[in-house]
Amino acid sequence: MFRVCLVQKRRYFDSMFLMQVSQRLRAEPGIQEAAVLMGTPANVQILKGLGFSSPELEGAGPDDLVVAVAGASEDQVRQALAKLEGWLQAGRAAAEGAPKTLVQALAHLPEANLAVISLPGWHAGREAKNALEHGLNVFLFSSNVPVEEEVALKRLAQAKGLLVMGPDCGTALVAGVGLGFANAVRRGPVGLIAASGTGAQEFTSLIHRAGSGISHALGTGGRDFSDAVGGLTALTAFSALVEDPATEIIVFLAKPPGPETLARLAAHVRRSPKPVVACFLGVIPERVRREWPGRLTTTIDEAVVATLELLSLPRPPFLSGDPAALAALAEEERKKLLPRQRFVRGIFAGGTFCYQAQLLFHLARVPFRSNAPLSEEYALLNPLRSEGHTLLDMGEEFFTQGRLHPMIDPTLRRERILAEAEDPEVAVLLLDFVLGYNASPDPVGDLLPALQEARERARRRGGDLLLVASVCGTEADPQGFARQVERLENAKVRVFPTQAQAVQFVLTFLGRRA
Amino acid sequence: MADVRERIEEANAEAARRMIAGDPVLVDVAPAREVIPAFQDGRKLILHSGPPVTWERMAGAQKGSAVAIALFEGWAKTPQEAWELLASGEVAFAPNHAHRAVGPMAGTISPSLPVFVVENKAFGNRAFCRPVEDRQQFGDYSPGAVETLWRWRDVFGPALRAALRTCGGLPLKPLIARALEMGDELHNRQVAASSLLANALAIPLLEAHLPREQLLATLRLLVNHPVFFLGPAMAAAKAIADPARNIPYATVVVAMARNGTEFGIQVSGLGDEWFTAPAPPVQGLLFPGYRPEDAGLDMGDSAITETVGWGAFVLGGAPGILSLVGGTVAQALAYTREMREITVAVHPEFRIPALDFQGIALGIDIRKVGRTGITPLIDTAIAHKDPGHPKIGAGLVRAPFECFKKALLRFAEKYEVAKVG
Amino acid sequence: MSEAKTGVQRLLREGPKAINLGLKEFAEALAAQGAKVVHVDWSPPPPEAQELADLLEKLL
């Protein structure tokens, strides 16, 4: 085997482009392993783990391009590398004459009102500040922006009458246009302020499927409702939605806020001329229940129901679960399994879906483990080894270091499905499929072969595997909601209209419905 | 007390105001000893381009140029003699910029060499630049190269002086504005400006009652020399930049100059101090027969044109130059847009048709260079690394970031801006 | 309808007109939805500029 590890100083490409280039390299004759990535400490560790080493690699920094290729012969590796440069340059050639900085881009689009930033975290804050200084609102997808920087950005935005969505903001819908991971949702009277990306996707998709629509869904980033940030973005967004003529109802979607932030939000909500629904995902402390002046819900489904009620819209059938029918279905599935098949393994792409599943397990008093635990008592020791009921957030940092998010790159979820299938005690695989802009073009197709293989393995042992899923999206999404659901159902996957219902079914199956 | 940022903004606005108000007029072509006081005590002194440098550290081309000067001035009879004289320390060296002068490439100026004298009528200051040719200033000391300097001393210089006296001086601002609109960038490309200058001086030359041979020789030079205007352009740029010097708190660059060994900048709020870094290699095209390893490092005071917003800063308006330095029209436009990110003002009168008649950007701000990492781009020619060669190519070069970093750190020190905290 | 008073209100009223820095796919998705977007061919500033960040914070 012949290995090469090269470092090119200060050469930047985005991670999605580099993933495509790496895949093309791996398909070259004789190439066994290939990775083209930015030299972040995590990526350098990954390459070392794969057996690559060179003095250059030691000196690589996060702004340097690292190329690692292993192949059967030196000739084949050299030939692959020769092609690589062409691909990299083609990526840039398309951009010739393209603006190289935000300021240059402003010359092309003087009427711009928003900067969408998904740069590495250590550059994202500076560019966000630059954008604010040029009068642009900011959608900051990047994570790894320090909280002090977040606060400074949000204060600056406040002083300038601008909005900073993020950092770590996955989703927004502005006047019907999706930013980041977003679904094709019709416009309507509901304004959303959400700290969580997949939570916002589920809420907006369900509102759409219930026949209503979204005026704007504004993201805040995961930390905004904590007292460290104090809801700076949430408050700006709230004022904007109060002023916004298209918005009739305002919905907050976040984990329970810090006490000071809660008090501040509550003061605004009390004066609000528009009705307000809060979905505080999590175990809601008594003080929150006492202080919160509006409608208060704990799951996304409840928030959708409360919103529809305020709009005087009928509750659609898909939001009216029938416990008896669920129990019958669970009983039917139970019969296919062996007695030792007891455990549930949730393998989620959406962080909020993992979180909501944990919350419902917790409320049903079913103990579980998670790599992104609801509270310390549920912590999973080794993210690579499930124990008992395990609910995994595959978008958590441990899994995404040096990789793309599982909503785009299904590799790790696929591997995990097959790994869980090796465990004879596993009864249920619980999955989410997220559709929409910027998600994989075929989320179901990405995992279906692995799911069928997993079930096959269980059957070879004389049992079966209960596959439970929810699909987040709308018919207008590029992937098409109905087509994705249909393919799952054809493969005998139990698909539920909402993620909360999928979790409730699993709890019913466990005989522990909350 | 006002915030340091506000003081800087005010100071930079003032620096830009002064540069924009600059009104250069070509008033004379005079022997250097008549107009540069440093030459008046009769000692052997050679002014050169870039920041200060000693004979030992001097680049090959600049040494070759100095040899030619010693022969031109009659300080030595052979190149060997000249070399020994220069190495002996008997001839003093000083940077042009310290004497309100500039010179292309090696930039050498000596007492007998004619210089263009440009007066900035808005502020009353004068600046000087030596004539441009393509041999001696690149380090060539052959008899032909020295002969050109003698021709300047004896024929062209006096003729141009007579012509300028006849017409009472030539305002350059309108000429420069037209040349920029005609596709010149006034550094490597002076085709339009040189023609406009020839037009403007033709009748005054005729009216100066010169001997026929001198008149014809001078006209022949003027009408056949596509970069003739670089000398007046550099003197004009220097005359425009100098009033912006020494404004407290201003972070605007007032000189960028290279001697083939070091690249140096001077900053308005930081007095006459040079902030230097090793001279970078030039990216460009070499004349046939020369290889990249022959090329000397970046050299010349001509970056004074970029300092006032011309040269590579207006590449987007001068696509004709790309045949000389390489690249595409899209790149040229992108460079010009890029330079807007490190400058503080836009000139209302110098405008570029290719950029929808936007004004040229000027006033390089060391803070913006520091923040963006974008360093000024400079059009330039390429000299040989060894003495004794003519021009070997042309290309583009970036000012080293290190100069700007050093200047920023000195600024923080001088104006007591705590570095962290 | 009242005039947009702040940058946030302008954004909500006009819909996004975006400058995209980072993942090119985000720009493509915006364009596919009919939004105006300009993608920046971004590269990181030199490490030296990153060293000066603290000082420049005070000067610029």
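How much space lies in the largest cavity? About 90 Å³. A cavity here is a set of points on a 1 Å grid over the protein atoms alone where a 1.4 Å probe fits but cannot get out; its volume is the space filled by probe spheres set on the points, which are joined across faces, edges and corners.

Some conventions before I continue. This is a predicted model, in which local features need pLDDT of at least 70 and side-chain atom pairs count only at pLDDT 80 or more, whereas totals for chains, interfaces and linings use all residues. Residues are numbered from 1 along each chain as its sequence is written, chains are lettered from A and ligands numbered from 1 in the order in which they are written, and side-chain values use heavy atoms, with hydrogens and water left out.

In total there are seven cavities of 30 Å³ or more. The lining of the largest one (residues with an atom within 4 Å of a point) includes A:A349, A:R413, A:F433 and A:D446. Eight of the lining residues are nonpolar, one is polar and three are charged.

I turn to chain B. B:K173 is buried at a relative accessible area of 13%, where buried means under 20% with a 1.4 Å probe and protein chains only. A polar atom of the B:K173 side chain lies 3.1 Å from the backbone oxygen of B:I20.

Finally, the interface. Chain C and chain A bury about 4,300 Å² between them, 63% of it on carbon and sulfur atoms; this is the accessible area (1.4 Å probe) lost on being put together, summed over both. C:L12, C:D41 and C:W42 supply 18% of the area that chain C buries against chain A, more than any other three residues.

How values were computed. 1 Å grid on protein atoms, 1.4 Å probe; cavity = no way out; pocket = protein on both sides within 12 Å on 5 of 7 lines; lining within 4 Å. Nonpolar A, V, L, I, M, F, W, Y, C, P; charged D, E, K, R; others polar. Buried < 20%, exposed > 50% of the residue type's maximum accessible area, 1.4 Å probe, protein only. Polar contact = N/O pair within 3.5 Å; in protein donor to acceptor, adjacent residues only side chain to side chain. Buried area = accessible area lost by both parts, 1.4 Å probe.
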